[in-house]
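Q: I would like to learn how to read a structure, one feature at a time. Where do we begin?

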Amino acid sequence: MNKFIVYIFGFFFLAQANALACNFKTTNFGSPKESVKIGELIPLSISDRFGGEQLIIPMQELCKNDKSLYGTSVIHLYIENKLNRIQLYRANMEDSKLMDYAMGKYGSFNLPEGVPKSRWRGSYVWESGNDIIEYIKTDIHDGHAEIINIVSKLYSVCMADYDSKVGEWLDSQQ
């Protein structure tokens with residue numbers, strides 16, 4: 001009987017821990033940017049030449065009780081005032097916390113043998129329900145960046161068009 005009580009207590013503890021976990025998805029895909037409410041914080045808004053507008057929110061504002069991802073920016077991309085992508089961006093940190101988060105939440109993937117995760121560069125894609133999740137680790141000026149892109153399958157065609165415009169512009173800059 002005592003083991004049963006311990007199991008029930010453990011189940012409630014785990015359920016409570018999951019309820020307290022950080023939720024960086026503050027609104028649903030397709031929602032307008034006006035639906036983002038973060039207390040008194042006004043997110044930084046940046047429009048681009050490709051028809052997108054990004055709202056940039058520090059993770060610290062969204063996850064005050066979970067410091068594990070502090071230093072990460074949450075970037076909501078709106079196209080035609082509809083949320084199309086949520087991006088977690090972490091640059092020049094001496095850890096692989098977004099990799100750990102992605103593998104813990106969406107499933108692990110194999111790294112090449114003998115390559116420590118701090119030196120691995122590349123990307124991996126998962127599907128989770130109606131979402132497509134992509135983890136990227138890449139070199140940038142003076143360091144590296146970790147990125148998690150989350151796109152709803154419903155908006156994947158719109159994102160492909162947007163990414164194509166960005167790619168054409170980048171190619172023209174060389």
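Q: How many salt bridges does the structure hold?
A: Side chains of opposite charge can pair when their charged atoms come close. A salt bridge here is a side-chain nitrogen of Lys or Arg within 4 Å of a carboxyl oxygen of Asp or Glu. The structure holds six of them. This is a predicted model, in which local features need pLDDT of at least 70 and side-chain atom pairs count only at pLDDT 80 or more, while totals for chains, interfaces and linings use all residues. Residues are numbered from 1 along each chain as its sequence is written, and side-chain values use heavy atoms, with hydrogens and water left out.

Q: Which residue does Glu 53 meet in a salt bridge?
A: The partner is Lys 33, at 2.9 Å from N to O. Glu 53 belongs to strand β2 (residues 52-58) and Lys 33 to the loop between α1 (2-20) and β1 (44-47), so the pair ties together parts that are 20 residues apart in sequence. Helices (H or I, at least four residues) and strands (E, at least two) are DSSP runs, numbered from the N terminus.

Q: Is Glu 53 buried or exposed?
A: Buried means under 20% relative accessible area, exposed over 50%, and partly exposed in between (1.4 Å probe, protein chains only). Glu 53 has 16% relative accessibility, so it counts as buried. Lys 33, at 24%, counts as partly exposed.

Q: Where do Lys 153 and Glu 127 lie?
A: Lys 153 is in the loop between β7 and α4, and Glu 127 is in strand β5, 26 residues apart. Their side chains meet in a salt bridge of 2.9 Å, N to O. Lys 153 is partly exposed at 35%, whereas Glu 127, at 59%, counts as exposed.

Q: Which residues touch the most other members of the largest nonpolar core?
A: A nonpolar core is a set of buried Ala, Val, Leu, Ile, Met, Phe, Trp, Tyr and Cys residues joined through side-chain atoms within 4.5 Å. The largest one has 28 residues, and Phe 24, Met 59, Val 74, Tyr 135, Ile 148 and Ile 150 touch the most other members. Its largest share, five residues, comes from α3. Apart from this core lies another, of six residues, including Phe 50 and Val 151.

Q: What does Tyr 135 touch?
A: Contact means heavy atoms within 4.5 Å. Not counting residues up to four places away in sequence, Tyr 135 touches Leu 98, Phe 109, Trp 120 and Ile 148, among others.

Q: Which residues lie nearest the centre of the largest pocket?
A: Rolling a probe the size of a water molecule over the atoms shows where empty space is left. On a 1 Å grid over the protein atoms alone, a pocket is an open set of points where a 1.4 Å probe fits, with protein on both sides within 12 Å along at least five of seven lines; lining residues have an atom within 4 Å of a point. Of the 13 lining residues, Arg 85, Glu 134, Asn 149, Val 151 and Asp 163 lie nearest the centre. β6 gives the most to this lining, with four residues.

Q: What is the volume of the largest pocket?
A: It is about 250 Å³. Grid points are joined across faces, edges and corners, and a volume is the space filled by probe spheres set on the points. The second largest pocket holds about 180 Å³, and α3 supplies the largest share of its lining, three residues.
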